[in-house]
Amino acid sequence: MNRQLILEDGTIFVGKAFGGDIEKSGEVVFNTGMTGYQEILSDPSYCGQIVTLTYPLIGNYGINRDDFETIHPSIHGLIVKELCEYPSNFRNELTLGAYLQERNIPGLSGIDTRKLTRIIREHGTLRGRLCDMDVDVKEVISQLKATVFTDHVKRVSTKEAYPSPGRGYRVVLVDYGMKHGILRELNNRGCDVIVVPYHTTAEEILRFKPDGIMLSNGPGDPKDVPEAISMIQGLLGKVPLFGICLGHQLFALSCGADTVKLKFGHRGSNHPVKHLETGKVAITAQNHGYAVATESVVGTPLEITHVALNDGTVEGLRHKEVPAFTVQYHPEASPGPEDANNLFNQFLTMIANCKKEGEELCQNA
């Protein structure tokens, strides 16, 4: 059965349908990773998006029980060049097509994904719809142009606080669309983690008596999450803080910097990032459509610690006065390289130093 992708600019791609039998609209983006499609599918940061995978053969190692980043995927669709229907891997339990059908997520295969990627790179991310062949194309285009995608964080954040127990430092993890890889890295280090919803206030967080605060990744525009700004401002200087991806952007906004939408975003597993202090370069996993505006950092209590070598965008920030730092990329990888995994250790070292030296150090770090 055929299915088509209709873009808001009128471009149409016709290919073979797989996965869920449902029409779905979303922001059409691309990811350059050669592997890791299972983690991409289950990353809450892709909420509301239709993801094009640039690597041509997808599904060849199937789906397994271990590599999910969330239990309930929120991706709106998947586009591939060639879908493998007979995967071969010792961990394989289900084909990619069967998984998408089970989760009612539409897929499209057999189109020229290189052409689609070049359109996105040239014109920027576009709204699109995966739909049947008998739809009114003009009506679909009109609807796409009028569509505004919002409330992504609200959809993917946990509804209630819950613990992930450990015997080490207590870390409150604010869930804006948390990948399970972040929780896993904290648990692997013995942390006693409490995961809380995106709209939790600073006062509510402090009642847990945390040793540290983690701001998670998440989907969409950081300016759509105003609740986070006052919460972060209420915590700075009281508890050490570490933010990732959307958490990085929200941290910047709370300190007076600004964010901007990138033309087509950073989504892949091979993005080089330079640490300005040491000059060392890490290959990182990234998934974001917004970035901190470089010029907006001037005059704030922040300093830039990392930059992207591909386009010079801000990849890391540190507060000059209190113990808080953030990165735009994903140190937990999943999928991708683990070059930056040591940032979790740096976060715990910051906590240890604050506890050792007392409250005065935390307020003057």
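Guide: Two strands pair if DSSP finds at least two bridges between them. Helices (H or I, at least four residues) and strands (E, at least two) are DSSP runs, numbered from the N terminus. This is a predicted model, in which local features need pLDDT of at least 70 and side-chain atom pairs count only at pLDDT 80 or more, while totals for chains, interfaces and linings use all residues. Residues are numbered from 1 along each chain as its sequence is written, and side-chain values use heavy atoms, with hydrogens and water left out.

Visitor: In which sense do β18 and β19 pair?

Guide: Strand β18 covers residues 314-319. A hairpin of four residues links β18 to β19, and Leu-317 has Thr-326 of β19 as its bridge partner. Over three bridges, the sense of the pairing is antiparallel.

Visitor: Which residue of β19 is the bridge partner of Gly-243?

Guide: Strands β14 and β19 run parallel and are joined by four bridges. The partner of Gly-243 within β19 is Thr-326.

Visitor: What is the largest C-alpha distance among the residues listed for "active site"?

Guide: An unreviewed UniProt entry lists Cys-245, His-330 and Glu-332 under that name; positions are given in the numbering used here, feature names are shortened, and annotations may be inferred rather than shown by experiment. The three are spread over 88 residues of sequence but cluster in space, with a largest C-alpha distance of 11.3 Å.

Visitor: Is His-330 buried or exposed?

Guide: His-330 sits in the loop between β19 and α10. Contact means heavy atoms within 4.5 Å, and, not counting residues up to four places away in sequence, His-330 touches several residues, including Cys-245, Lys-179 and Asn-217. Because its relative accessibility is 2%, His-330 counts as buried.

Visitor: Why does Glu-332 count as buried?

Guide: Glu-332 is also found in the loop between β19 and α10. Beyond its neighbours within four places in sequence, its contacts include Lys-179, Arg-184, Glu-185 and Phe-344. Glu-332 counts as buried because its relative accessibility is 0%.

Visitor: Which residues of helix α6 are buried?

Guide: The helix spans residues 180-188. Its buried residues are covered by elements that include β10 (162-164), β14 (241-244) and α10 (343-357). The buried ones are Gly-181, Ile-182, Leu-183, Glu-185 and Leu-186.

Visitor: How far away from Glu-69 is the nearest side chain of opposite charge?

Guide: Glu-69 lies in the loop between β5 (57-58) and β6 (77-80). Lys and Arg count as positive and Asp and Glu as negative, with His and the chain ends not counted; a salt bridge is a side-chain nitrogen of Lys or Arg within 4 Å of a carboxyl oxygen of Asp or Glu. Glu-69 is buried yet has no salt bridge, and the nearest side chain of opposite charge, Arg-184, is away by 4.4 Å.

Note on methods: Buried means under 20% relative accessible area, exposed over 50%, partly exposed in between (1.4 Å probe, protein chains only).
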